[in-house]
Amino acid sequence: MTVHIDHHTSRLAELSALAETFAQRADGYDRTATFPVADFDDLFAAGLHAPTVPVSHGGMGIGPLRGDTLALWLMTERLAAADLSLARCWEGHTNSMVLIDALGSAAQKSRWFDGVVRKGERWVAWSGEPRAAKPGETKSFGTTVRREGDGWIIDGTKVFATSATGADWAILLVDMAGPGGARNSTSEGGAGVLMLACELADPSVSVDASWWDPIGMRATVSHLVHFDHTFIPDSQRIGEAGDYLRQGWQTAFIPHYAASFLGAADAAYEYALEYVMRQHKNTDPYVQQRVGAMAVAVETGRLWLRHVAELWDSGRGTEARMVGSRARHLVEHLALDTVDHCVRACGARCLVRPSPVERIQRDLLFYVRHDNDDHILATIGRSVLGEVHDPSFYKP
């Protein structure tokens with residue numbers, strides 16, 4: 001066991017060294033809204049590209065399915081401290097490997113894990129199909145899926161398609177009942193939701209980059225993606241219809257978001273410490289209070305991640321599912337508070353480029369809106385009260 005821990009500690013140290021370079025690149029990727037391809041290339045070259053691929057297939061064999069879940073989340077935290085957009089793309093890749101490991105056939109695992117381990121192929125999972133347009137929006141979104149021959153035909157669009165111009169493969173979560181994906185599925189209990197692996201080099205798949213112009217998380221390149229009679233053979237269907245929601249896989253990834261939030265807090269905290277010391281503000285009692293609050297917030301977030309990881313690794317998955325949501329809710333607020341304390345301790349100068357705090361604040365503010373925190377907290381309340389609740393997407 002000691003050898004196992006020491007091995008992952010050394011890999012984390014190696015990742016931390018790479019993260020210094022990733023942090024230097026982050027501003028450029030943000031300004032140009034381009035995928036952090038060099039970062040992923042470096043991760044692959046260092047043998048860090050397949051953490052959730054089983055050891056038997058050449059990966060590190062960590063995560064909520066294989067154990068050592070905290071090691072995965074600490075890796076994500078380090079990447080997020082360098083670049084929150086990079087961490088989001090990494091999440092999508094590593095979570096996709098968890099799904100293939102859990103639900104894929106032996107042939108699928110052999111084929112797709114080999115592509116990741118030997119070729120550095122990048123994966124992501126896409127669900128985003130909001131039902132209604134926002135004010136002033138003219139585009140409509142959503143996919144339809146129908147059976148044809150020995151496979152499926154996909155038509156329509158997805159948005160918030162993370163890594164759209166950087167991934168090689170995407171797991172498409174589509175609903176046989178109609179547009180909605182997994183989050184907005186219209187089939188009873190998500191029973192009609194399929195997971196179909198789509199090779200993004202397929203000429204029937206195209207990207208519309210004009211839609212993605214957000215305030216933050218720009219380098220996730222979460223564009224609008226079109227599918228024009230895209231054929232997915234049965235050999236690329238992962239698991240059975242309804243498995244994603246029936247087995248609660250979204251709940252395994254919810255605390256992974258929190259690891260990224262915490263990484264953003266880490267970066268703001270470290271910046272504040274350096275700034276305060278350089279400016280000789282370390283004797284200011286108000287600054288001391290801000291620094292104390294940041295230290296407690298970061299430590300608290302890490303303790304919660306450790307707690308949730310231990311639940312997953314000890315086989316207490318049912319308990320881990322809702323505790324993960326508690327951690328995600330709490331760490332969102334701890335991270336936002338930490339960035340605010342940083343800005344208040346350092347002043348407006350920390351929001352002027354090339355300071356990374358300006359980007360960290362934008363990215364974090366945008367990313368925590370991935371889910372509605374009001375609904376998360378209400379869902380936690382419903383679980384405590386014994387009421388029916390949705391632990392995956394927090395539908396009221």
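Predicted model: local features only at pLDDT ≥ 70, side-chain atom pairs only at ≥ 80, totals over all residues.
1. Trp211 has a ring partner in Phe160, and the two form an edge-to-face aromatic pair, 5.1 Å centre to centre with 90° between the planes. Phe160 belongs to strand S3, while Trp211 sits in the loop between strand S6 (205–208) and strand S7 (223–233), so the pair ties together parts that are 51 residues apart in sequence. Phe160 itself is partly exposed, with a relative accessible area of 45%.

2. Ring pairs join Phe160 and Trp211 with Phe141, Trp212 and Phe366 in a cluster. In total, the model has 12 aromatic pairs. Another of these is formed by Trp112 and Trp123, whose ring centres are 5.2 Å apart and whose planes meet at 65°, so this pair is edge-to-face. Trp112 lies in helix H5 (residues 106–119) and Trp123 in strand S1, 11 residues apart. Both of these tryptophans, Trp112 and Trp123, are buried.

3. A ring can also meet a charge. The charged end of Arg147 sits over the ring of Trp152, 4.8 Å from the ring's centre.

4. Now have a look at the largest pocket, with a volume of about 1000 Å³. The largest share, 4 residues, comes from H4. By class, the lining of the largest pocket holds 19 nonpolar, 13 polar and 9 charged residues.

5. The second largest pocket has a volume of about 510 Å³. Of its 21 lining residues, Tyr271, Glu274, Pro354, Ser355 and Pro356 are the closest to its centre. Helix H1 (2–32), helix H3 (69–82), H7 and H10 each supply at least two lining residues, and H7 gives the most, with 6 residues. The lining of this second largest pocket divides into 9 nonpolar, 3 polar and 9 charged residues.

6. Finally, which residues of helix H2 (residues 37–45) are buried? They are Asp39, Phe40 and Leu43. These three cover an arc of only 95° around the axis, which puts them on the same side of H2. After H2 comes Gly47, whose phi is positive, near 75°.

Note on methods. Residues numbered from 1 in each chain as written. Heavy atoms only, no water. Buried < 20%, exposed > 50% of the residue type's maximum accessible area, 1.4 Å probe, protein only. Arc of directions from axis to C-beta. 1 Å grid on protein atoms, 1.4 Å probe; cavity = no way out; pocket = protein on both sides within 12 Å on 5 of 7 lines; lining within 4 Å. Points joined across faces, edges and corners; volume = space filled by probe spheres on them. Nonpolar A, V, L, I, M, F, W, Y, C, P; charged D, E, K, R; others polar. Phe/Tyr/Trp six-rings, centres within 6.5 Å; stacked < 30°, edge-to-face > 60°. Lys NZ or Arg CZ within 6 Å of the ring centre and 35° of its normal.
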